[in-house]
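I record what I looked up, entry by entry.

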Amino acid sequence: MALLQGALGCGSLVPVSSVAAAVPSGNSLQAAPSARRCSRNRRRQVFKPTSVYSARLPGAVLEPPIVPFRGDAEHLAQWSRASWSDREALQQPDYPDHDALQKATAWIARQPPLVFAGECRTLQAHLAKCAAGEAFLLQGGDCAESFKDFSADRIRDTFRVMLQMSVVMTFGGSIPVVKMGRMAGQFAKPRSSPMEKCGDRQLPSYRGDIINGPEQTEEARIPNPERLKEAYNQSSSTLNLLRAFSKGGYADLRRVTQWNLDFMAKADEGQAYLELSRQIDAAIKFMVACGLEYSHPIMTETDFHVGHECLLLDYEQALTRQDSTTGLWYGCSGHFLWCGERTRQLDGAHLEYLRGIGNPLGVKVSDKMEPSELVSLIAAVNPENVPGRISVIVRMGANKLRNKFPALIQAVQQSGQVVTWVCDPMHGNIEAVNGIKTRRYKNVRAEVEAFFDVHEELGTIPGGVHLEMTGDNVTECVGGGSSIEETDLSSRYHTHCDPRLNAEQSLELAFYVASRLAQRKDSMATVEKQAATQPHLAGLAMNGAMNGHH
Ligand SMILES: O=C[C@H](O)[C@H](O)COP(=O)(O)O
Ligand SMILES: C=C(OP(=O)(O)O)C(=O)O
Ligand SMILES: [Mn+2]
């Protein structure tokens, strides 16, 4: 876990002097002028491998994290951890007892931070590598974490599936995979409507266990500030477990690759995936034959970060702390905070809060996002154009992605802004079958395919995927090699909000992503070879490779 990584000397490699210690005073969020490129102090140093992917490529050169987001005086003028409350804050609960809310947030403000600034800066450096095509992000976990379903086994099983997925993608794409759980804080849920149908009644919508209960009663749906405390405690316990799993030997490659792939026999590309898994097993045996002990940290440890939607601003404010080494403010509820599709108004409270914290950020983008609006949003949260600071998480369904995504990419390219492009193939693919919210595996996969296709056409960089998934064997999404039918949905449907890919569907999707990463790697190799042997053709080859013509 990055916290321990910090102990290994990787937490904050940025020369502190290069980071302003501006204590924010803040001004209102205006679309900043076109983003200035920041001069990056990039000294190449060889660091003791301190995370699995750098370690797994012995001798890997880990550059110091890019100068973290610091926010200059102009950008942070008028900002404070509470300045969001001067703006319209959508999707906030209406607490009947404000004193109780104030007491609960005061209690949280007295609690230790859940994450530290150095861990956030390490993650930002990893996300900068994803933006540059030197790593790939795998973000996964529940749509809504639950108090009732909280268990070590559930966290362990999702963690394990994510490790398996990252091994597949690392091998397939010969690229490090940055792992981030939708965990340890993914409680609050934006809803499309304030009321929802429960049986033959209309009740206030369930907004996540941190706010109200999923039970279909008036009482359960009343926002309760005491839930904030339970969410904090569960997040702390989840993080503790993840730190233990990632550094305590549970990430042992022998365990990770004990995968039951029988379901693959029925998957579309099942045989190819089975062959890839056999190659992975052979590669590990080869590394061991070369003398790498299974007990070596390379084989048993990993990096793992957590992120969630920055939605409930009273909670986030209470966990906003000033970093003693830089003077910057960080959201200490999680390493990575993203702004949802429903709350990303440029003049809204959520972007006002997010622009002033030093964490790496995300923003969800549907087909409703205009290119110019996206450019303004990025400039407003990342005026210094620091790589790794902002991930743009697109979610719109395959067809809309093919139509709308190119213009978004080109607008950002023309603005000179650096972003990490991430595909969320879930939130543009929701439908109801017999009144049950579900997703079809084939549509999820089609959106990932479209994401890679568009980047290939434009010669830009696919930086990662963002999935709602679980290590449990649930029946919430239709299809995939495990061939879940519509009639199966009600048998193991446990999500509290959106349907999740189960372990088999998640692993199957990872094999597909691995095949696209491998294809991209081959295309780039062709171009590099052409550039080396026939430089005059290199330009054509680059164009051809990017357009998938070999
Ligand atoms: O996770 C995303 C949203 O919170 C969710 O899709 C909203 O669901 P709804 O459209 O049923 O409100
Ligand atoms: C609410 C979510 O997504 P979006 O904002 O994209 O709808 C989510 O990822 O939980
Ligand atoms: Mn969701």
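The entries below go from the whole chain to the ligand surroundings and then to single residues.

**Entry 1: the chain as a whole**

I note at the outset that the model is predicted. I looked up the secondary structure and found 17 helices and 15 strands. The chain has 550 residues, and buried residues make up 59% of them. I then turned to contacts with a separation of 6 or more: residues 24 or more positions apart account for 78% of them.

**Entry 2: ligand 1**

Which residues surround ligand 1? I listed Cys143, Lys189, Pro190, Arg191, Ser192, Arg342, His427, Ile430, Lys437, Glu468, Cys497 and Asp498. I then looked up polar distances to oxygen atoms of the ligand. A polar side-chain atom of Ser192 lies 2.5 Å from an oxygen atom of ligand 1. For Asp498, a polar side-chain atom is at 2.8 Å from a ligand 1 oxygen, and for Lys437 a side-chain N or O atom is at 3.0 Å from one. On its own, ligand 1 has 340 Å² of accessible area, and the protein covers 85% of that.

**Entry 3: an annotated set around Cys143 and His427**

I consulted the UniProt record, an unreviewed entry, where the annotation "binding site" covers Cys143, His427, Glu468 and Asp498. These residues span 356 residues in sequence, yet no two of their C-alpha atoms are more than 10.0 Å apart, so I record them as gathered at one spot. From this set, His427, Glu468 and Asp498 belong to the lining of the largest pocket.

I looked up Cys143 and placed it in the loop between strand E1 (136-141) and helix H6 (152-173). Setting aside neighbours within four places in sequence, I found Cys143 in contact with Arg182, Gln186, Lys189, Glu468, Cys497, Asp498 and Arg500.

His427 sits in the loop between strand E11 (420-423) and strand E12 (431-433). Why does His427 count as buried? Its relative accessible area is 16%, and buried means under 20%. Beyond residues up to four places away in sequence, His427 touches Arg182, Lys364, Arg395, Arg439, Glu468 and Asp498. With Glu468 there is also a polar contact between the two side chains, at 2.9 Å.

**Entry 4: ligand 2**

I counted 13 residues around ligand 2, of which Arg182, Lys189, Arg342, Lys364 and Arg395 come nearest. A side-chain N or O atom of Lys189 is 2.7 Å from an oxygen atom of ligand 2. Arg342 brings a polar side-chain atom to 2.9 Å from a ligand 2 oxygen, while Glu341 has a polar backbone atom 2.9 Å from an oxygen of this ligand. Taken alone, ligand 2 exposes 290 Å², and the protein buries 98% of that area.

**Entry 5: an annotated set around Arg182 and Arg395**

In the unreviewed UniProt entry, a "binding site" annotation covers Arg182, Glu341, Arg342, Lys364 and Arg395. Arg182 from this set is part of the lining of the largest cavity.

I located Arg182 in strand E2 (residues 177-182). Arg182 is buried, at 1% relative accessibility. Its side chain reaches the backbone oxygen of Cys143 at 3.0 Å.

Arg395 lies in the loop between strand E10 (390-394) and helix H14 (398-415). At 10% relative accessibility, Arg395 also counts as buried. Apart from neighbours within four places in sequence, Arg395 contacts Glu341, Arg342, Lys364, Val365, Ser366, Asp424, His427, Gly428 and Glu447.

**Entry 6: two further residues**

I looked up Ser246, which lies in helix H7 (residues 226-247). Ser246 is buried at 0% relative accessibility, and its side chain reaches the backbone oxygen of Leu242 at 2.8 Å.

Leu203 belongs to strand E4 (residues 201-204) and is buried, with a relative accessible area of 0%. The C-alpha atoms of Leu203 and Glu218 are 6.6 Å apart, the two residues being 15 residues apart along the chain. Not counting residues up to four places away in sequence, Leu203 touches Pro194, Met195, Glu196, Cys198, Gln216, Thr217, Glu218 and Arg221.

Conventions. Residues numbered from 1 in each chain as written. Chains lettered and ligands numbered in written order. Predicted model: local features only at pLDDT ≥ 70, side-chain atom pairs only at ≥ 80, totals over all residues. Heavy atoms only, no water. UniProt positions renumbered as here; feature names shortened; annotations may be inferred. 1 Å grid on protein atoms, 1.4 Å probe; cavity = no way out; pocket = protein on both sides within 12 Å on 5 of 7 lines; lining within 4 Å. Helix = DSSP H or I, 4+ residues; strand = E, 2+ residues; numbered from the N terminus. Buried < 20%, exposed > 50% of the residue type's maximum accessible area, 1.4 Å probe, protein only. Polar contact = N/O pair within 3.5 Å; in protein donor to acceptor, adjacent residues only side chain to side chain. Contact = heavy atoms within 4.5 Å. Near = heavy atom within 4 Å. Areas by Shrake-Rupley, 256 points an atom, 1.4 Å probe, with all protein chains shown as cover.
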